[in-house]
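Here is a short report on one protein model. Keep the sequence and the coordinates at hand while reading.

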Amino acid sequence: MPATLKSPRKKTWQIAGRLSHFKKVFPDDAACLSLLATHKWKTGYVCSKCGGTNYCKGKSPMSRRCTKCKTEESATAHTLFHRCKIPLVKAFEIAFMVCNMDDISSYEMSRQLSLRHMTCYGFRKKVKACINGEKRDPVFESMVLEVNAKVNKRVKLESKKLKVDKPTRLAHA
Ligand SMILES: [Zn+2]
């Protein structure tokens with residue numbers, strides 16, 4: 001019995017379950033960008049080039065443009081997600097897995113996210129460096145807690161729903 005509990009398939013299932021909750025909270029790039037922007041500029045906007053504090057909306061979604069020097073800065077600039085070659089939502093999924101599933105391999109990630117193994121390996125390394133404090137990213141550190149809180153809330157909500165649904169289904173059987 002314990003052998004089946006520890007089987008790779010069971011583990012894959014558990015990971016898929018947690019990931020599905022995450023995907024409901026962060027379904028697309030827009031949701032991820034919005035969270036990044038909130039945390040990046042939570043203490044106010046400061047232009048990274050000239051130090052100006054006045055901005056208007058930039059051309060790309062959630063970006064900001066300095067009204068003084070006209071430099072546009074994306075929500076991902078100077079964060080862990082800067083110049084990410086994969087969709088932001090996929091990068092978020094990798095980060096979530098690294099933060100919450102300690103022993104997950106990059107092969108398992110590659111299976112779960114339908115991404116190339118080397119892509120998962122490379123980004124996982126970057127996330128790990130952040131977690132270990134080798135490379136600081138205050139935006140990432142700030143948003144991790146909110147991400148987990150949001151996903152946990154979702155898990156609780158869904159498990160409550162399941163408890164309510166079960167008796168009715170049994171009654172019909
Ligand atoms: Zn500026």
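**Overall fold.** This is a predicted model. The protein has seven helices and three strands. Along the sequence they follow the pattern α-α-α-β-β-β-α-α-α-α. Of the 173 residues, 23% are buried. Among contacts with a separation of 6 or more, 54% join residues 24 or more positions apart.

**Helix 3.** Helix 3 spans residues 29–40, which is 12 residues. From its first C-alpha to its last it reaches 16 Å, close to the 16 Å expected at 1.5 Å a residue. Which residues of helix 3 are buried? They are Cys 32, Leu 33, Leu 35, Leu 36, His 39 and Lys 40. These residues cover an arc of only 165° around the axis, so they sit on the same side of helix 3.

Three strands form an open sheet in the order 1-2-3, with antiparallel pairing. Strand 1 and strand 3 stand at the edges, each with a single partner strand, so one side of each is left without a neighbour in the sheet. In general, strands of a sheet pair through backbone hydrogen bonds, either parallel or antiparallel. Here, strand 1 and strand 2 pair in the antiparallel sense over three bridges. Cys 56 has Arg 65, in strand 2, as its bridge partner.

| Strand 1 | residues 55–57 |

Conventions: Residues are numbered from 1 along each chain as its sequence is written. This is a predicted model: local features need pLDDT of at least 70, side-chain atom pairs count only at pLDDT 80 or more; totals for chains, interfaces and linings use all residues. Helices (H or I, at least four residues) and strands (E, at least two) are DSSP runs, numbered from the N terminus. The expected span of a helix is 1.5 Å times one less than its number of residues. A residue is buried if 20 or more other C-beta atoms lie within 10 Å of its own, exposed if 12 or fewer, and partly exposed in between; C-beta atoms are placed from the backbone. The arc is that of the directions from the helix axis to the C-beta atoms. Two strands pair if DSSP finds at least two bridges between them. Two residues are in contact if their C-beta atoms, placed from the backbone, lie within 7 Å.
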